[in-house]
Amino acid sequence: MQAYPFYRPRRSRRWKWSRELFAESKLCTNDLIQPFFLLDGKKKEVNIEKMPGIQRYSIDRLFYKLEEIEELKIPLVAIFPCLEDHLKTSNGEEALNEDGLVCSTIREIKKRFPGIGVMADVALDPYTNHGQDGLIDEAGNVINDETVRVLCKQAQIQAEAGADVIAPSDMMDGRILAIRKTLEDLNRTDTLIMSYAAKYASAFYGPFRDAVSSKLGKTASKKTYQMDPRNTDEALREATLDIFEGADMLLVKPGLPYLDIVYRLNAKLDMPIFSYQVSGEYAMLKTAVMQSMLDEKDAVLESLICFKRAGSSGIISYFSMQAAKWILNLEK
Ligand code: PBG
């Protein structure tokens, strides 16, 4: 490389066109995945207190949003159910209801919007009255192998309902292999698995638990199955296992505080890595915007391009639809 004054880095930054030309990362609406929270019933659109600007929708209202998703060319939506308390049990049986909220919504979406990819979450926390992602023993410990058996059934009914992507977010050991085998046995050879390979036990999921009305108590934690935020070698082991077990894509979660993990997995593994800008990150940005401390468009688009720069193939973000409108210049 030449030294100053022969090389002046500012030259490439001088004009808008030159900045565009020299940009090393690009964000387009195809990089985005939009999560939705589901409610049973009709004509429901309910605010989520800890996620200002995000609603839970009944299926009829979700359809309006999916029309926008199609226009904005967002390829994939992730769905999460918010169940009434009476449907929550210790073993989360409602997760296996083929006519429950998630499976019936998947069928409806695929009927009306066959071109939109649908990703379904595999984990028991929206269905359990204790809020853990799996079955618990008498001492309250989440039991791995029994849980995996239930998760396979949950994945099975989601795949049979038409889910394109099965996304196990539970962090049980061996679940990717077990789910892949289940899908093979069903001859569902086209169903993708997005493995939450490196999902950390994070404080940034707080608002999400409000959104799905999870019953996880204040003192309970998920630290016996979700990863320790101090670790990164372990993320590499988790991701490597999931690739061998049959994952098609790997997810790192949360998002911005964990970009080093994305970078590291990308450098070592020849697999698409995705990021999840989680509910707490959404809430932080949105609150600062509401207090006029940040400019929403600039801050959100900057946060999203950072994922691409770090090596994420795509981003699950609650800002996806809004960002897509900015990217396509439909909104200022
Ligand atoms: C649960 C699940 C969680 C999220 C996605 N799936 C919460 C948790 O693990 O407690 C968090 C998403 C977010 O915070 O936006 N299986």
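This is a predicted model: local features need pLDDT of at least 70, side-chain atom pairs count only at pLDDT 80 or more; totals for chains, interfaces and linings use all residues.

Biologist: Which residue does a cis peptide bond join to K253?

Modeller: Look at the loop between β8 (249-253) and α8 (259-268), where P254 sits. Omega there is about -5 degrees, and the cis bond joins K253 to P254.

Biologist: What is the phi of S292?

Modeller: Find S292 in the loop between α9 (279-290) and α10 (296-310). S292 is not a glycine, yet its phi is positive, at about 55 degrees.

Biologist: Are α4 and α5 roughly parallel or oblique to each other?

Modeller: Axes are lines fitted to C-alpha atoms, for helices over the stretch in contact, with angles from 0 to 180 degrees between N-to-C directions. Helix α4 (residues 144-161) and helix α5 (residues 175-185) have axes that come within 9 Å and cross at roughly 40 degrees. Under 35 degrees counts as roughly parallel, over 145 as roughly antiparallel, 65 to 115 as roughly perpendicular and the rest as oblique. So α4 and α5 are oblique.

Biologist: Which residues of α5 make that contact?

Modeller: Contact means heavy atoms within 4.5 Å. The residues divide into eight nonpolar, two polar and one charged, where Ala, Val, Leu, Ile, Met, Phe, Trp, Tyr, Cys and Pro count as nonpolar, Asp, Glu, Lys and Arg as charged, and the others, Gly among them, as polar. From α4 come V148, L151, C152, A155, Q156 and A159, and from α5 come R175, A178, I179, T182 and L183.

Biologist: Is the crossing of α3 and α4 left-handed or right-handed?

Modeller: The axes of helix α3 (residues 101-112) and α4 come within 8 Å and cross at roughly 25 degrees, which makes α3 roughly parallel to α4. A crossing is left-handed if the near helix is turned anticlockwise from the far one by less than a right angle, and right-handed if clockwise. Here the crossing is right-handed.

Biologist: What do V102, C103, I106 and R107 in α3 meet in α4?

Modeller: The residues of this contact divide into five nonpolar, one polar and one charged. On the α4 side, the α3 residues meet I157, Q158 and A161.

Biologist: How far from an oxygen atom of the ligand is a polar side-chain atom of Y318?

Modeller: There are 17 residues around the ligand (a heavy atom within 4 Å), and K199, R209, K253, S279 and Y318 come nearest. The side chain of D125 has an N or O atom 3.0 Å from a ligand nitrogen, while the side chain of S279 has an N or O atom 2.7 Å from a ligand oxygen. For Y318, the distance to a ligand oxygen is 2.6 Å.

How values were computed. Residues are numbered from 1 along each chain as its sequence is written. Side-chain values use heavy atoms; hydrogens and water are left out. Helices (H or I, at least four residues) and strands (E, at least two) are DSSP runs, numbered from the N terminus. A polar contact is a pair of N or O atoms within 3.5 Å; within protein, one must be able to donate a hydrogen and the other to accept it, and residues adjacent in sequence count only if both atoms are side-chain atoms.
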